[in-house]
Amino acid sequence: MSQIQQDPDNTHWPDSNSEVASQDTGRLIYASICSIDGPVLDEMRRIRDHAVHNNDKFGIRVALMHRCGWFVEWIEGPPDGIRDLLARVSLDTRHRSLKVVHESVGKPRLVKPWIGSIAEPNESTGEFARRVMALHERHLKGKGFEPSSVWRSLCSPLPGHVEVAAAREGSYQRVMMMSAARTDAFSLLQWVANREKRPVVHRRFAGAARDALDVESDYLDLPDQALQGRRLIANARKGLAMGMTHAFLPDYAAVVLVMDSDAGRNEGLLERILTACQQVHHQPVIIGLGANGWFSGALRASAEARGHRWIEARTGDDAPDLSTQWWALRQALDGLAGT
Ligand SMILES: Cc1cc2nc3c(=O)[nH]c(=O)nc-3n(C[C@H](O)[C@H](O)[C@H](O)COP(=O)(O)O)c2cc1C
């Protein structure tokens, strides 16, 4: 195995076209019941090996998720290529009862030939199946939602019936948190979850590279906060290198940079976040979260130079504890939501 970089910073896609294409593309999402008996992770790795090889050749990009005994695959690329892949995949005995829940032509979101993920099952297989059927019916009536919304309705749903959840989806305040050092964003998310007595959902993502480390992404729903509810998503820095963060970045109202006492780390991570935003043509508000002495004119200047609003969530003179971090962040987020 080659040397694994703990904190890789390569945000370029394999085709080295460093921005999401502006031309429309074919988009399809299906859900299928997983028929694998043994460990799903091993089989996902085998699927990845075929997918990386085949998908790149045909200009296809996919995100595959396993959750609640189901697979969900989001495919983008030329419509002919999507149809061919679907025909091939339909014959695969590792899954069955394949249902298309979205098909359209529109803006691309996926930037790598393959992203795989496994999410903790936090609802029953029956509940998941009802969600799939509701989206399938909606698709057949020609009343589909956007692909990112359909994907989330299946893979990270808001509580409640799929129709209600999907309609509410767009008005949620979505906030991504990433820490300049250690796993501080995850610790903060867990602390808020304990305080608010709400569950954290854990997911693991894997990229196309054989030796890429798994990337964690946790989220927490706070339905009573902001105007229509708030979701906090903690992402690992490594997520910036494998395309997962990019796919959902356009839906975030704000990105929180959980800062560190090391100025170089703060500046380095901000630069990577700004580059990713540029690649997906999105300018969320950037919130710096940290002690007074950690802020600098350079951070503000970098964010503003790329057209982002920069907000300082200051925690005071000392290195902050989690409670002080949440107090400062909550004020900034409430201010953004107008509450
Ligand atoms: C849920 C699921 C998703 C899959 N996704 C892909 C994919 O994106 N691309 C791909 O080439 N094969 C994918 N496969 C594997 C194909 O069904 C098939 O085994 C493979 O394409 C055959 O590759 P080969 O022609 O190189 O032998 C998937 C299989 C399953 C069960």
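On the side of domain 1 that touches domain 2, the elements giving two or more residues are helix 1 (40-57), strand 5 (114-119), helix 4 (147-155) and helix 5 (162-169). Strand 5 gives the most, with 6 residues. Helices (H or I, at least four residues) and strands (E, at least two) are DSSP runs, numbered from the N terminus.

This is a predicted model, so local features need pLDDT of at least 70 and side-chain atom pairs count only at pLDDT 80 or more, while totals for chains, interfaces and linings use all residues. Residues are numbered from 1 along each chain as its sequence is written, and side-chain values use heavy atoms, with hydrogens and water left out.

As for the domains themselves, domain 1 covers 25-169 and domain 2 covers 173-337, with bounds from an automatic or database domain assignment. In all, 26 residues of domain 1 are in contact with 26 residues of domain 2 (heavy atoms within 4.5 Å). The rule also finds 2 salt bridges across this interface, a salt bridge being a side-chain nitrogen of Lys or Arg within 4 Å of a carboxyl oxygen of Asp or Glu. Arg152 and Asp251 pair up in a salt bridge through their side chains, at 2.8 Å from N to O.
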